[in-house]
Amino acid sequence: MLAAERLAGREGVARLTLDAVAAEAGVSKGGLLYHFSGKEELVGAMVMRWIRDFERDVEGRLAREEGSGAGRWVRAYIGATFEPEAGVQAAGEPVGILAAAATNRELLGEIRRCYREWQERLEEDGLDPAVATLLRLAADGLWFSELFGLAPPGGTLRAEVYRRMLELASGGSGGQGA
């Protein structure tokens, strides 16, 4: 699976064939098929890895944040989106999601289920549900703008957006000079 992620990240999901993945992994196609029944199962495993990594990042942040105040889960979600933990490929490299969208959109079913669950957690996190949703959509929007190079903010502006989102998730106003 890591070979498939490297290949798709380097050459794009169009090059994600079983033959190419096997070559990247240094195994035979039969060896690859021993672990995955086909390309769709491989892509599904890539999606599941992204989900597991993202959720592990969020859970790690929750464990490190003391207390149980409002916005705790929202802050962990924002942090995992803006600054993924070292060694976690989730937020930065969603090649499995891209491959699923390009291969068979039904493979996105699990991530859709997770987003519904994450949205419920956001709404139950003690903040105004509209503010929590706004923050999720803003974090997701930054993630997509960076993923596709759609004029994402950089440098100090990105850092300030992140700071203000965390402030809003802590019950602050997020205003200038706050």
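User: How many cavities of 30 Å³ or more does the count come to?

Analyst: This is a predicted model, in which local features need pLDDT of at least 70, side-chain atom pairs count only at pLDDT 80 or more, and totals for chains, interfaces and linings use all residues. Residues are numbered from 1 along each chain as its sequence is written, and side-chain values use heavy atoms, with hydrogens and water left out. On a 1 Å grid over the protein atoms alone, a cavity is a set of points where a 1.4 Å probe fits but cannot get out, a pocket is an open set with protein on both sides within 12 Å along at least five of seven lines, and lining residues have an atom within 4 Å of a point. By this rule the count of cavities of 30 Å³ or more comes to one.

User: Which elements give two or more residues to the lining of the largest cavity?

Analyst: The largest cavity, with a volume of about 40 Å³, is lined by Trp50, Phe54, Tyr77, Thr81, Tyr115, Asp140 and Trp143. Helices here are DSSP runs (H or I, at least four residues), numbered from the N terminus. The elements that give two or more residues to this lining are α4 (39–64), α5 and α8.

User: Are α5 and α8 roughly parallel or roughly antiparallel to each other?

Analyst: Helix α5 (residues 72–82) and helix α8 (residues 129–147) pack with their axes, which are lines fitted to C-alpha atoms over the stretch in contact, 9 Å apart and at an angle of about 5 degrees. Angles run from 0 to 180 degrees between N-to-C directions, and those under 35 degrees count as roughly parallel, while those over 145 count as roughly antiparallel. The two helices α5 and α8 are therefore roughly parallel.

User: Among the aromatic pairs, how are the rings of Trp50 and Trp143 set, stacked or tilted?

Analyst: Rings of Phe, Tyr and Trp (its six-membered ring) pair if their centres lie within 6.5 Å, and planes under 30 degrees apart count as stacked, over 60 as edge-to-face and the rest as tilted. The count comes to 10 aromatic pairs. The rings of Trp50 and Trp143 have their centres 5.6 Å apart and their planes at 45 degrees, so this pair is tilted.

User: Which elements give two or more residues to the lining of the largest pocket?

Analyst: The largest pocket has a volume of about 200 Å³, and its lining includes Trp50, Ile97, Leu108, Tyr115 and Trp143. The elements that give two or more residues to this lining are α6 (95–103), α7 (109–123) and α8.

Note on methods:
Angles under 35 degrees count as roughly parallel, over 145 as roughly antiparallel, 65 to 115 as roughly perpendicular and the rest as oblique. Grid points are joined across faces, edges and corners, and a volume is the space filled by probe spheres set on the points.
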